[in-house]
Amino acid sequence: MVETILGVKDLIVRHSDQTVLQVDSLDIQEGEVLAIIGPNGAGKSTLLLVLGHLLHPDEGQVYFRGKSIEQENELAYRRRIALVLQEPLLLHRSVFDNVAAGLKFRGVPRPEIKQRTDEWLERLEISHLRNRPAHSLSGGEAQRTSLARAFALQPELLMLDEPFSALDTPTRSRLLQDLHALLSQTDVTSVFITHDLDEALLLGDRVAVLLGGVLRQVGRPQDVFTAPRDGDVAAFVGVETVIAGNVAVSQNGLVIVDASGLRLEAVGDVPTGTRVLFCLRPEDITLSISEGTAISSARNHLTGRIIRMTPSGPLVRVLIDCGLPIVALITRGSANEMRLIEGQSVIASFKATAVHLIPR
Amino acid sequence: MTSDIFEITVLSLKVSLLATGISLFIGLPLGTWLALRRQLRGRGFILSIINTGMALPPVVVGLFVAMMLWRSGPLGSLELIYTPAAIVIAQTIIAAPVVTGLTASALQQLNPRLRLQLLGLGASPIQMVISLWREARLPLLAALMAGFGSVISEVGASMMVGGNIRHQTRVLTTAIVLETSRGDFQNAIALSILLLILAYMVNLGLTIIQQRGTR
């Protein structure tokens with residue numbers, strides 16, 4: 001059975017009588033990566049500070065391995081976790097000294113500090129920067145140092161607050177891949193905060209959506225993205241069809257993904273055998289009633305049954321069961337012309353280029 | 001005169017270094033506390049008082065300390081008036097606000113999230129504060145230099161509470177005043193040069209410490 005490392009109950013944080021954060025219940029399981037997503041100002045960082053015992057909630061409790069952290073020694077608790085923030089916030093010392101800082105705070109013996117620091121400089125590929133002053137580093141190098149500093153502590157819980165949001169795109173995607181690898185190698189329980197859906201999908205074993213200071217939904221990424229609990233979550237996640245699958249064939253930039261027995265085509269450069277999330281926006285899906293009515297450039301045609309039709313303004317959101325749940329967004333006019341009703345059989349078509357593949 | 005000069009110089013240095021040291025002892029923790037306690041009620045008011053204290057005229061301090069230590073004053077029984085200890089007290093009152101105010105501003109210049117980061121890496125409150133001091137060591141040493149500079153150059157308070165007594169409380173600045181009033185410019189100039197050299201040497205030492213490892 002998986003153990004709950006961190007639990008939150010009936011948490012409320014107020015700023016001058018205004019509730020800025022409300023989390024009724026949230027559990028973080030041993031070994032998982034929980035991605036907390038939400039737009040800016042949603043209370044994500046506030047939640048992280050509460051979890052890190054750096055901000056006292058006005059109401060509610062945080063439990064670490066079943067014990068309230070308020071009852072535990074604050075310092076002892078903080079030494080079981082590690083924090084990485086958006087800005088690397090390095091000290092004006094060498095890279096080595098920065099990575100060693102947390103170990104020094106803990107009074108770890110000197111030879112062990114050296115060994116663990118060097119190990120993590122190596123694993124984050126910054127060994128060559130060992131003796132460089134930290135303030136001479138580039139943004140990516142600095143954030144690698146900050147990550148090494150946290151990982152070197154071998155924390156029971158690693159907390160990351162939008163560590164990549166200030167980096168340029170190529171640097172960010174490399175670091176993201178490296179962090180993904182490190183998280184799966186070390187199996188460290190992590191809370192990862194981001195406003196970026198791709199980051200959440202890549203790293204999160206589970207995703208928690210925080211909107212307007214309220215925790216709206218927690219679940220596996222594919223569940224949160226395909227079945228948003230409410231309109232706000234749906235609007236925030238945007239992508240509504242997320243299918244987990246494996247790359248069966250990868251050739252010349254064209255990929256065939258095997259998802260629960262269905263073979264789907266996509267464009268991407270992902271090696272064969274990779275586990276991927278197959279993402280589709282509802283507006284990229286075309287519906288038709290009978291097969292072969294017209295020749296089109298859409299590479300994927302899935303037959304399924306309409307489960308639910310939800311009107312939203314001039315559009316209708318159609319949930320189709322093709323063996324996998326697929327959401328399409330069509331105009332009210334199209335729906336009327338085709339006389340679509342719930343329970344009817346339809347063909348959902350979409351182009352290979354409309355697919356967004358996220359390796360996991 | 002030559003042996004007198006040596007004696008005067010040593011006393012100047014002793015008194016001013018001691019006063020700066022005590023100011024550091026008071027000002028560093030107090031300034032740190034004021035910088036870190038951002039929710040403290042009335043913090044702005046306290047800081048404004050301290051900042052005013054940085055511009056405290058030495059003669060006003062001299063008057064206040066003289067009244068306190070006067071034989072008939074509230075602390076008269078300590079018999080400190082016209083002793084080097086009285087000068088140290090007065091100079092401490094002059095330097096402490098300088099050190100406190102500059103310490104507070106030095107630490108307020110650091111990124112406020114650095115504190116959270118240090119705590120989030122498992123620093124105890126004391127380890128956190130020491131790390132912040134190390135981060136702010138440049139402006140902190142500047143605070144110390146400003147504190148020392150304000151007292152080594154000060155004459156009003158030393159004169160009023162020390163009395164410029166030969167072999168007892170005569171310091172470089174009070175000696176310069178005396179020699180000048182006597183019309184003995186040669187001695188006054190010699191003492192002035194000595195005072196400048198002294199100030200330079202102390203500040204050179206502090207600057208070397210300050211600049212070490214900043215490249």
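**Entry 1**

I began with Asn131(A), which, leaving aside its neighbours within four places in sequence, is in contact with Ser94(A) and Phe96(A), where contact means that the C-beta atoms of two residues, placed from the backbone, lie within 7 Å. The model is predicted, so local features need pLDDT of at least 70 and side-chain atom pairs count only at pLDDT 80 or more, while totals for chains, interfaces and linings use all residues. Residues are numbered from 1 along each chain as its sequence is written, and chains are lettered from A and ligands numbered from 1 in the order in which they are written.

I found Asn131(A) in the loop between α4 (110-123) and α5 (139-151) of chain A; helices (H or I, at least four residues) and strands (E, at least two) are DSSP runs, numbered from the N terminus. Is Asn131(A) buried or exposed? Asn131(A) is exposed because 9 other C-beta atoms lie within 10 Å, the scale being buried at 20 or more such atoms within 10 Å, exposed at 12 or fewer, and partly exposed in between. I also noted that the C-alpha atoms of Asn131(A) and Arg93(A) are separated by 8.9 Å, although these residues are 38 apart along the chain.

**Entry 2: strands of chain A**

I next followed β1 (4-15) of chain A, which pairs with β2 (18-29) of chain A in the antiparallel sense over 10 bridges; two strands pair if DSSP finds at least two bridges between them. Val13(A) has Leu21(A) in β2(A) as its bridge partner. The two strands form a hairpin with two residues between them, and Ser16(A) in the turn has a positive phi of about 40°. β1(A) is also joined to β4 (59-64) of chain A, again antiparallel, by five bridges, with Val8(A) opposite Val62(A) in β4(A).

**Entry 3: two domains of chain A**

The domain assignment, which is automatic or from a database, gives chain A domain 1 (4-237) and domain 2 (241-359). I read a separation of 35 Å between the centres of these domains of chain A, taken over C-alpha atoms. Their contact takes seven residues from domain 1 of chain A and seven residues from domain 2 of chain A. On the side of domain 1 that touches domain 2, α7 (197-203) and α8 (221-226) of chain A each supply at least two residues, and the largest share, four residues, comes from α8(A).

**Entry 4: where the chains touch**

How many residues does each chain give to the contact of chain B with chain A? Chain B gives 14 residues and chain A gives 18 residues. On the side of chain B, α5 (112-120) and α6 (125-135) of chain B each supply at least two residues, and α5(B) has the largest share, with six residues.
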